[in-house]
Amino acid sequence: MPRAIISPSVLASDFGQLTAECKRMIKGGAEWLHMGTLSTALCPQLGCAAITDRLYPRHFVPNITMGAPVLSCVSKGVPGIFMDCHMMVAQPEKVRRALSLLLEPANGLRKWVNDIADAGGSLYCFHLEATSDPLPIIEAIHSRGMKAGVAISPDTPSAAVADDVAAAADMLLVMTVYPGRGGQKFLDRCLPKVTELRARFPDKDIEVDGGVGPATVDACADAGSNVIVAGTAIFGAQDPEGVIATLKATVNK
Ligand code: DX5
């Protein structure tokens, strides 16, 4: 299994001090920073697998957090940061309108991919439930020099991750809560999906996100996850460095 990567979720940080919070995490031993980018963009595929789409029709998740302008400030303020951008958006393939393409041809067709790349994103992770055509998105992400991640929500089976999509992606994300906000209870029923994906892809980075902390990381690592996202458990701790070290040691044991 690949080595541990700890990616603190900034949704649990003090947004008023975002740059300082990211520096604090890197100093504390984190390899990546998990930037949860949420949007209420209209979803063209009604009734897709994510429960949030059923609870909040035509929206991928019911919240708004931050977008490319904020990421851009963080990447300038924290040189060398690896921004693991989790795009909880309804249209990860969103394209520019013809007029803006004419005015800004250098920016290419794919709006969110280009915006995140221009903002300094390192990894662009989109949800399988939000698209019917993942491979061109992965190609677009790679063409902008970012790693590509493919996420599945709790109700999506691991079999939905086709072999060619997983092979093209750099990372697979198994959500262990319904996407949309931090501080939710870890859903251990999602772990068999990690086990299945690890068996199919022994060398791939496999990330878990949602309710992960010292109490649940052991099960995640046993299932085969090596990229650990934790928000509340790290930012809410008296000793974030100690929590990061514990998470890392558990995966690398
Ligand atoms: C959920 C986000 C997570 C979330 C995790 O929609 O993708 O990154 O912030 O937060 P905790 O670790 O608090 O569950």
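Among contacts in the chain between residues at least 6 apart in sequence, what percentage join residues at least 24 apart? It's 69%, where a contact means two C-beta atoms, placed from the backbone, within 7 Å. Before you click around: this is a predicted model, in which local features need pLDDT of at least 70, side-chain atom pairs count only at pLDDT 80 or more, and totals for chains, interfaces and linings use all residues. Residues are numbered from 1 along each chain as its sequence is written.

**The whole chain**

Start with a cartoon view. Of the 253 residues, 49% count as buried. Buried here means 20 or more other C-beta atoms within 10 Å of the residue's own, with C-beta atoms placed from the backbone (exposed is 12 or fewer, partly exposed in between).

**The sheet**

Now select the strands. The 8 strands make an open, parallel sheet in the order β1-β8-β7-β6-β5-β4-β3-β2, with two strands counted as paired if DSSP finds at least two bridges between them. β1 (5–8) and β2 are the edges: each has a single partner strand, so one side of each lacks a neighbour in the sheet. On average, neighbouring strands are turned by 25° against each other, direction ignored; the axes are lines fitted to C-alpha atoms, and angles run from 0 to 180 degrees between N-to-C directions.

Zoom in on β7 (residues 205–209). 5 of its 5 residues are buried, with Asp205, Glu207 and Asp209 on one side and Ile206 and Val208 on the other. Its partner β6 (residues 171–175) joins it in the parallel sense over 5 bridges, and Val174 sits opposite Val208. On the β8 flank, the parallel pairing runs over 3 bridges, and Asp209 stands opposite Val229.

**Two helices**

Pick α1 (residues 18–27), where the buried residues are Leu18, Glu21, Cys22 and Met25. Look down the axis of α1: they fall within an arc of 100°, so they line one face of the helix (the arc is that of the directions from the helix axis to the C-beta atoms). Their cover includes β1, β2, α3 (68–77) and α11 (240–252). Just past the end of α1, check Gly29, which has a positive phi of about 110°.

Next, jump to α6 (residues 134–143) and show Pro134, Ile137, Ile138, Ala140 and Ile141, which are buried. These cover an arc of only 160° around the axis, which puts them on the same side of α6. They pack against α5 (111–118), β4 (123–127), β5 (147–152) and α7 (163–168). Following α6 is Gly145, with a positive phi near 80°.

Stay on Ala140 for a moment: it counts as buried because it has 22 C-beta neighbours inside 10 Å. Leaving aside neighbours within four places in sequence, Ala140 touches Arg110 and Val113.

**The ligand**

Last stop: select the ligand and the 22 residues around it, of which Ser9, Leu11, Gly182, Gly231 and Thr232 come nearest. A residue is near if its C-beta atom, placed from the backbone, lies within 6 Å. β2 (33–38), β8 (227–230) and α10 (232–235) each supply at least two residues of the shell. Colour the shell by type and you get 8 nonpolar, 12 polar and 2 charged; Ala, Val, Leu, Ile, Met, Phe, Trp, Tyr, Cys and Pro count as nonpolar, Asp, Glu, Lys and Arg as charged, and the others, Gly among them, as polar.

Conventions:
Helices (H or I, at least four residues) and strands (E, at least two) are DSSP runs, numbered from the N terminus.
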